[in-house]
Amino acid sequence: MPPFGFLHMRVWASLFGQLLRSPRAVCIREVHFHSQFAEAVLTSQLKPQQEKSNFIIKTPKGTRDISPQQMVVREKILDMVVGCFKRHGAKRLDTPAFELKEMLTEKYGEDSGLIYDLKDQGGELLSLRYDLTVPFARYLAMNKVKKMKRYHVGKVWRRESPTIVQGRYREFCQCDFDIAGQFDPMIPDAECLKIMCEILSGLQLGDFIIKVNDRRVLDGMFAVCGVPESKFHAICSSIDKLDKISWKDVRHEMVAKKGLAPEVADRIGDYVQCHGGVSLIEQMFQDPRLSQNKQALDGLGDLKLLFEYLTLFGIAEKISFDLSLARGLDYYTGVIYEAVLLQTPAQAQESFNVGSVAAGGRYDKLVGMFDPKGHKVPCVGLSIGVERIFSIVEQRMKTFGQKIRTTETQVFVATPQKNFLHERLKLIAELWDAGIKAELLYKNNPKLLTQLHYCEDMGIPLVVIIGEQEMKEGIIKLRSVASREEVAIKRENLVAEIQKRLSES
């Protein structure tokens, strides 16, 4: 709709034209009509403005703004994570924020209801991506890529009830690392677990443990316990909640809501409370029921080989074979894992409820779901829960009162006198051209004390000061903000002296 002024002008132009060519009585009626029309247009345009006074300014539920202070912490975490991915030879990939809806459906089991659908645009039904794994599988199939080691950092969206305190949002960032291709068993899987250990150790979040299981062991366990095959995914989804709710509540859900026989649920309960290391794997090999299931034996065999490689990597003590780990997403086919933080060694059992900070697993059939001929590309990968990690780090910084620099400015250009803006501009341009991060105040005649206080507040380490005396002598004063010591530097040597000091700091 055109602005009111434009409409108003057109209405009265039309009226004026009619006045020139219509009888007087008709003109009076037209004047009255057009006046009412103009008044109605004005009222309709003013009404939304009046209603805006009741408008609440907020971010959508489950989202947030990230302040400059938070971004500094966030970037450090992401740099550390991405640095680890690169160290292991991954190349970066990006995919669209939304996919064709059909690409995402039936890939996430019960969680498919959490996918955000978009309105029909141009004849295509679209959905925001739920994770970075399914788009990666689509990319491999679409481009006929058979081998790839990639990492991806990007936002994903889930239509769930957010719990901001625990770092759960509807819009959040994921950091994924995946290895696609046909390789000898458990070598890529072991590297993924090694990467998780390196990242969690490097971030210094405290003690942690990575729970490991295998979907084949889970499915074998369900089979020997008497779970109907049609209920495997539904029961797996219930088991996946054991890190959030008690076994009693999980059992109730399986029996009362999913129709599982109570005695079958009790048999599952005997297994899901077991966790340990290689000795537990050996014990499961001897289990009277599991040892009769080929699928479970295949999974146990790969887990045993995995622990052999993890020992060689020096991280076996950080890994726990845990039969309660389910990872409810439908696309997992083999080894699955999830990292949780431990508050203290003495509280290890209770602190499993602290929450997952990284997870992943093997998904050998997902690429084949996109390939017209069903060609499979085995894949294994991991996702770092940076939002959860960010929440933990942010809380710690608040607790210890740590101050964060929001800029990387190295040098501030100041003057103690009036009418030196031109000289400051020439000087700062020289610093910028030399690759030095520099700032000045956007005032013609700022007070020197104001400029120095700004440097202290922003944590800027160096100040260059130019004035009349410095101009006459061909020098620049270089001041250390921390020590408040000043030295005179020849103008032509200033850049070299600053670069030298910055390299030493």
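At what angle do helix α6 (residues 187-202) and helix α12 (residues 294-312) pack, and how far apart are their axes? The angle is about 50°, and the axes lie 9 Å apart. Before going on, a word on the ground rules: this is a predicted model, in which local features need pLDDT of at least 70 and side-chain atom pairs count only at pLDDT 80 or more, while totals for chains, interfaces and linings use all residues. Residues are numbered from 1 along each chain as its sequence is written, and side-chain values use heavy atoms, with hydrogens and water left out.

**Two helix pairs**

Helices here are DSSP runs (H or I, at least four residues), numbered from the N terminus. Axes are lines fitted to C-alpha atoms over the stretch in contact, with angles running from 0 to 180 degrees between N-to-C directions.

| Helix pair | Angle | Axis distance |
|---|---|---|
| α6 (187-202) and α12 (294-312) | about 50° | 9 Å |
| α3 (68-87) and α14 (386-400) | about 125° | 10 Å |

Angles under 35 degrees count as roughly parallel, over 145 as roughly antiparallel, 65 to 115 as roughly perpendicular and the rest as oblique. By that scheme α6 and α12 are therefore oblique to each other too.

The α6 and α12 crossing is right-handed, meaning that the near helix is turned clockwise from the far one by less than a right angle. In α6, Ile187, Asp189, Ala190 and Leu193 meet Leu306, Tyr309 and Leu310 of α12, where contact means heavy atoms within 4.5 Å. Sorted by class, this contact has six nonpolar residues, no polar ones and one charged. Ala, Val, Leu, Ile, Met, Phe, Trp, Tyr, Cys and Pro count as nonpolar, Asp, Glu, Lys and Arg as charged, and the others, Gly among them, as polar.

α3 likewise passes α14 in a right-handed crossing. From α3, Gln70, Val73, Arg74, Ile77 and Leu78 take part, meeting Val386, Glu387, Ile389, Phe390, Val393, Glu394 and Met397 in α14. That contact holds eight nonpolar, one polar and three charged residues.

**Buried places**

Helix α8 (residues 232-239) is largely enclosed by the rest of the structure, because six of its eight residues are buried (under 20% relative accessible area, with a 1.4 Å probe and protein chains only). These are Phe232, Ile235, Cys236, Ser237, Ser238 and Ile239, and they pack against α7 (215-225), α9 (247-257) and α10 (262-272).

Finally, look at Glu423 in helix α15 (residues 421-433). With a relative accessible area of 16%, Glu423 is buried. Leaving aside residues up to four places away in sequence, Glu423 touches Ile466 and Met471.

Terms used:
Buried < 20%, exposed > 50% of the residue type's maximum accessible area, 1.4 Å probe, protein only.
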